Amino acid sequence: MWNYTDKVKDYFFNPKNAGVLDGANGVGEVGSISCGDALRLMIKVDPDTQVITDARFQTFGCGSAIASSSALTEIVIGKTIDEARTITNQDIADFLGGLPPEKMHCSVMGHEALIAAIANFTGEELADDDHEEGALICKCFGVDEGMLDRAVRGNRLTTIEQVTAYTKAGGSCKTCFEKIEEKLADINAAMVAEGLLKAEEAYVYGGAAAAAAPAPAASGLIQISPLAEGAKKAQAAAPAMTNLQKIMVIQQAIEELRPHLQADGGDIELVDVDGDSVFVKLVGACAGCQMSAVTMQGVQQALIDKIGRPLRVIPHEARRFA
Amino acid sequence: MSGPTGIYLDNNATTRVDPRVVEEMLPFFSEHFGNPSSIHSFGAEVGGKMREARARVAALLGAAHDTEIVFTSGGTESNNTAILSALKVAPDRREIITSAVEHPAVLEVCRHLAKHEGYVLHIIPVDKQGRLDIDAYKAALSPRVAVVSIMWANNETGTIFPVEALADMAKEHGILFHTDAVQAVGKVPLRLAETNIDMLSLSGHKLHAPKGVGALYVRRGIRFRPLLRGGHQERERRAGTENTTAIIGLGKAAELALVHMDQENTTVKALRDKLEKALLETVGHCFVTGNVHDRLPNTTNIAFEYIEGEGILLFLSRVGIAASSGSACTSGSLEPSHVLRAMDIPFTAAHGAIRFSLSRETTEAEIDQVIAAVPEIIGRLRSLSPYWDNGAPRAEAFKPEYA
Ligand SMILES: Cc1ncc(COP(=O)(O)O)c(C=O)c1O
């Protein structure tokens, strides 16, 4: 299994500061059960001194998620709010003696929870701002631009694979590959301009060449999954289709899927197609339940197989986020 | 070197090589080390022993002829060989049928063929109990289909598919039928001679033989194209000097599997049932995934809600219990297993699914220890979970900023 440090194991087996914090005046909640990790960070701040006097956590997630959450509480206790604002996800990983690269997203989640808890304490409207200032990039794992920006800058990420390892973005359906690519290139370019990154290290849009760059900051080998290439190949292999042709193929594919859903007491309807986003309406037994995400995934895979290019199937109710 | 100790309930991942198998293999490393193709006496004994191994495997499968057995490097090679061969012998048929819950050694091969070689792929879905959608299967059958590859038993849930009936239906359309029986062989009595199954994959290391050896059953009379060329071995169906020691080990393991078949379906099954019943009763908010009415006797896959599988495995491992999980975090991917997703298991549970897979070596004392250890571990992790409060789930109370 994973090569966890002794400290990670210790913080997992004997987590410090687990449970509910009575009298917390700052609470940050991030993640979701469908992503496989979620964290509630509770802090108690002395209003006069602005010192975090106590912190506790509740975490749903793997060993390193629990260890990262516990480490985070240890790190923040005794710090002022201003000091806490300077903590990075790398600080959490360092505190634990390093995390496997694939698990860095656990430290990122801790960092996100801290930002949310501080915002909750100070009354800043952070979470909403986040979604407005930055669009949701990866819908599968709820990664938005703000989070991507912090992870890329904080860890000097220069490849798509690293972005996935640190934030999970692009780890599932891969349709956001192009958006991640653009965003990563933009952020790296900005970092070069600010003197934070050497120009030759920066990810260049369309440049898989940068994928060979060594992993900064993280210890151990990076295991690069060839998802970026796969997505590209699918795109390259796709025959040029007019919009109308594409919509017709999608419509036909959905018609073929309907009997399966109807057999389960549900149904599906095509609402709109916008670029590579396919908006559908699920009805009946398929709609509204947790499993609708799974159904959506099935529909998406079927469409991708048919059309031969990455597509994102989105419930039309969620259109406002798209 | 002393090995790890503890309770091994991960036999669907791999099994311990039976000491009787080791004993059978030993002389063939440095005494009878000859090449079975050679004329001289160093190879003589080997050839006879290989024939015996082939007969033993054929007996375990209930095959009509020993020559129907082709030794390979394992399940993955057998699956690849079977599918690719079936496509090559029927160049006019451009469609493939498989199921949504196959092992990657089938599913990824089929996906690759669909994506890069233009085959049309029918992936037959399963229901929430992991049962194959027979109507969808029937609908996909046609003379355009070259091969059906559907597993006998699922490695994660143990669910058994009615492959004999599926093979009958495929035959009506002249389709070659292959089954990945890696998990079924040795646990389920087989009589291939009486079925319409054309090809079947098995793997040594799932039945107490070494890793890196397996076999492909190829029914006599069906057309076949080898994957590996360049030698006359295995009647030119698999070139390369044979892994003689491993094949001899597989032969012994097959013989033992047949001897112990009853035990799998009585003793092992009873222990599995005891474990499952006890955990369902004591833990709460957990359920068995897969088809409980038709599954392997040694496997139970239990989904513990509101916690994540890796944490459970780490705690189990600390008390010396080895199991495995369909959770994303242990596999390095970011999502729960494709098998659980295909079954529509809600995310609240899929992340916490644990597979316990027993073997004929599992003892009742071991099962009692697991029964004693698990509830506390689950309770501990739930006490850390934001979706859990004072012994009850409270998913609705936790609404994170982004989801
Ligand atoms: C159902 C199934 N098929 C195929 C395989 C692969 O077999 P092998 O490890 O011998 O290549 C496995 C084992 O992991 C399996 O469980």
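The questions and answers below concern charged pairs, helices and surface patches in a predicted model.

Colleague: In which helix do A:Asp149 and A:Arg153 both lie, and how far apart are the closest N and O atoms of their salt bridge?

Modeller: Both residues belong to helix 7 of chain A, residues 145–155, where they are four residues apart, about one turn of the helix. An α-helix has 3.6 residues a turn, so residues three or four places apart point the same way. A:Asp149 is partly exposed at 27% relative accessible area, and A:Arg153 is partly exposed at 28%. The helix asked for is helix 7 of chain A, and the closest N and O atoms of the salt bridge are 3.5 Å apart.

Colleague: How many residues apart are A:Glu201 and A:Arg156, the pair that links distant parts of the chain?

Modeller: The side chains of A:Glu201 and A:Arg156 meet in a salt bridge of 3.2 Å, N to O. In this pair, A:Glu201 sits in the loop between helix 9 and helix 10 of chain A, while A:Arg156 sits in the loop between helix 7 and helix 8 of chain A. A:Glu201 counts as partly exposed at 25% relative accessibility, and A:Arg156 is partly exposed as well, with 35%.

Colleague: Which side chain makes a polar contact with the side chain of A:Glu181?

Modeller: A:Glu181 lies in helix 9 of chain A, residues 177–193, and counts as buried because its relative accessibility is 3%. The contact has a length of 2.8 Å, and the partner is the side chain of A:Tyr203.

Colleague: Which residue caps the N-terminal end of helix 10 of chain B?

Modeller: Helix 10 of chain B, residues 309–318, is mostly covered, with eight of its ten residues buried, among them B:Ile312, B:Leu313 and B:Phe315. Beyond the helix comes B:Gly320, whose phi is positive, near 85°. At the N-terminal end, a side-chain oxygen of the capping residue lies 2.8 Å from the backbone nitrogen of B:Glu310, and that capping residue is B:Glu308.

Colleague: Which residues gather with B:Lys88 in a patch of positive charge on the surface?

Modeller: B:Lys88 is found in helix 4 of chain B, residues 75–89. A residue in such a patch needs over 30% relative accessible area, and B:Lys88, at 44%, counts as partly exposed. The residues that gather with B:Lys88 are B:Arg223, B:Arg225 and B:Arg229.

Colleague: What is the area of the nonpolar surface patch made by B:Val22, B:Leu26 and B:Phe29?

Modeller: One of its members, B:Leu26, is found in the loop between helix 1 and helix 2 of chain B. Together with B:Val22 and B:Phe29, B:Leu26 makes a nonpolar surface patch of about 270 Å².

Notes
Residues are numbered from 1 along each chain as its sequence is written. Chains are lettered from A and ligands numbered from 1 in the order in which they are written. This is a predicted model: local features need pLDDT of at least 70, side-chain atom pairs count only at pLDDT 80 or more; totals for chains, interfaces and linings use all residues. Side-chain values use heavy atoms; hydrogens and water are left out. Patches are made of residues with over 30% relative accessible area and no salt bridge: like charges are joined within 9 Å, nonpolar side chains (Val, Leu, Ile, Met, Phe, Trp, Tyr) within 5 Å. Accessible areas come from the Shrake-Rupley method with a 1.4 Å probe; for residues, only the protein chains shown count as cover. A salt bridge is a side-chain nitrogen of Lys or Arg within 4 Å of a carboxyl oxygen of Asp or Glu. Lys and Arg count as positive and Asp and Glu as negative; His and the chain ends are not counted. The place of a charge is taken as NZ of Lys, CZ of Arg, CG of Asp or CD of Glu. Helices (H or I, at least four residues) and strands (E, at least two) are DSSP runs, numbered from the N terminus. Buried means under 20% relative accessible area, exposed over 50%, partly exposed in between (1.4 Å probe, protein chains only). A polar contact is a pair of N or O atoms within 3.5 Å; within protein, one must be able to donate a hydrogen and the other to accept it, and residues adjacent in sequence count only if both atoms are side-chain atoms.
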